[in-house]
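Thank you all for coming; today I would like to walk you through the salt bridges of one structure. Please take a look at it before I go on.

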Amino acid sequence: MSWQVILDSHMRSGQRLSPEDAVVLYEKAPLHSLRRSANQRRIEMNGKEEVTYLIDRNINYTNVCTINCQFCSFYRPPGHDETYTQDLNEISNRVKELEQIDGVRILMQGGVNPDLGIDFYTDLIKSLRELHPTIDLDCFSPIEIEGIADVTGISTLQVLEKLKEAGMHGLPGGGAEMLVDEVRSDVSPKKGSPANWLRVMSEAQSLGLITSATNVFGFGETEEHRIEHMRRIRELQDESISKYGKGFTSFIAWPVQLENNTYGKRNRGRNKFELGAGPSEYLRHVAISRLFFDNIEHIQASWPTMGLSIAQMALLGGADDAGSTMMEENVVSASGTDKMSASEHELQDAIVRAGFRPRRRNSRYELLDTPDPETKLELLAAPPPTQF
Ligand code: SF4
């Protein structure tokens with residue numbers, strides 16, 4: 001079937017896009033047609049007026065890691081003289097700075113540190129909960145949970161239960177990259193199989209923790225691989241919604257960042273293709289993800305990797321959320337991205353200039369009181385952007 005027939009029929013019927021049809025659209029459909037359809041779907045799912053954003057702070061509490069992902073410039077192996085692990089005092093001081101700007105959550109992730117067992121983590125979470133009761137704690141990625149389980153000698157589900165009991169609210173979706181065995185075994189051979197990431201996420205969802213799904217692409221994988229990643233997430237989402245009533249809050253994709261990726265002379269895996277992805281490929285990926293995920297409510301634009309201008313374009317082609325202020329980030333920025341934090345004013349300004357009303361949210365996507373944006377344009381009075 002031609003891309004035109006697939007897209008027309010999908011938009012008319014609203015039926016779920018099959019992986020095979022999604023690959024045809026990814027490979028063949030013109031970008032403007034995909035973006036127009038994705039924007040229409042975004043309006044159906046999220047309304048046409050508001051774009052949400054979050055005031056938060058990234059905290060990368062340790063850079064010690066034993067996993068050695070091909071693309072990572074952030075980590076240092078145990079014993080390296082540039083390693084660090086932050087203590088409660090340092091972390092709490094960072095959270096205080098977040099509180100001063102009305103922040104509502106921290107996203108705390110780090111390396112897989114073989115010296116840290118479950119007690120380090122539960123003590124840290126309990127103390128942060130007591131010291132900063134209004135801040136949501138979204139912490140650790142599935143590979144860190146696996147690392148804690150290994151060091152402590154308990155299961156990943158037990159680790160998650162203990163962290164939840166200590167006061168952790170959510171498990172961010174970091175470390176998914178490409179959930180396709182042949183890609184993952186090339187770029188992150190020690191990270192474990194895609195099935196492990198999905199299992200830990202499923203366990204987190206069974207406990208009611210807030211979760212999101214991520215996707216780093218541009219490792220030289222095919223369109224089939226990219227859709228396979230989305231298929232596996234969509235399948236887990238179906239299962240989680242049917243078992244627990246909810247699953248991932250959102251899907252967030254960005255191209256791998258390699259500009260400054262020189263630590264340990266990271267090679268680029270075994271693949272021989274051009275790596276990364278430019279703006280048009282990124283926008284294609286966002287549009288396809290909006291059309292593909294009929295069971296994930298929110299699609300996030302990634303301004304830290306693509307810049308605010310391309311993020312604005314994503315908001316007009318499937319995305320409904322502008323991400324977060326971040327305030328501090330060290331993992332992606334170690335690979336060469338220049339701008340790794342944005343003020344609330346900058347995010348609001350970008351949202352208003354894209355034609356939407358900015359709205360603060362928390363990590364559960366609940367809407368919060370929002371200060372009026374300083375930027376005032378008449379765009380909101382104009383018809384919603386269904387055409388480009
Ligand atoms: S991406 Fe994460 S798991 Fe991989 S080497 Fe870097 S810190 Fe370790």
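Let me begin with a term: a residue is called buried when its relative accessible area is under 20%, exposed when it is over 50%, and partly exposed in between, with a 1.4 Å probe and protein chains only. What you see is a predicted model, in which local features need pLDDT of at least 70 and side-chain atom pairs count only at pLDDT 80 or more, while totals for chains, interfaces and linings use all residues. Residues are numbered from 1 along each chain as its sequence is written, and side-chain values use heavy atoms, with hydrogens and water left out.

A search of the whole structure gives 23 salt bridges, each being a side-chain nitrogen of Lys or Arg within 4 Å of a carboxyl oxygen of Asp or Glu.

Let us turn to Arg-360, which is buried because its relative accessible area is 13%. Arg-360 forms a salt bridge with Glu-344, where the closest N and O atoms are 2.7 Å apart, and Glu-344 is itself buried, at 18%. Arg-360 also forms a salt bridge with Asp-102, with 3.3 Å between the closest N and O atoms. Asp-102, by contrast, counts as partly exposed, since its relative accessibility is 45%.

Another pair is Arg-16 and Asp-294, whose side chains meet in a salt bridge at 2.8 Å, N to O. Here Arg-16 counts as partly exposed at 37% relative accessibility, and Asp-294 likewise at 38%.

Finally, a network of salt bridges links Glu-49, Glu-50, Arg-357 and Arg-359.
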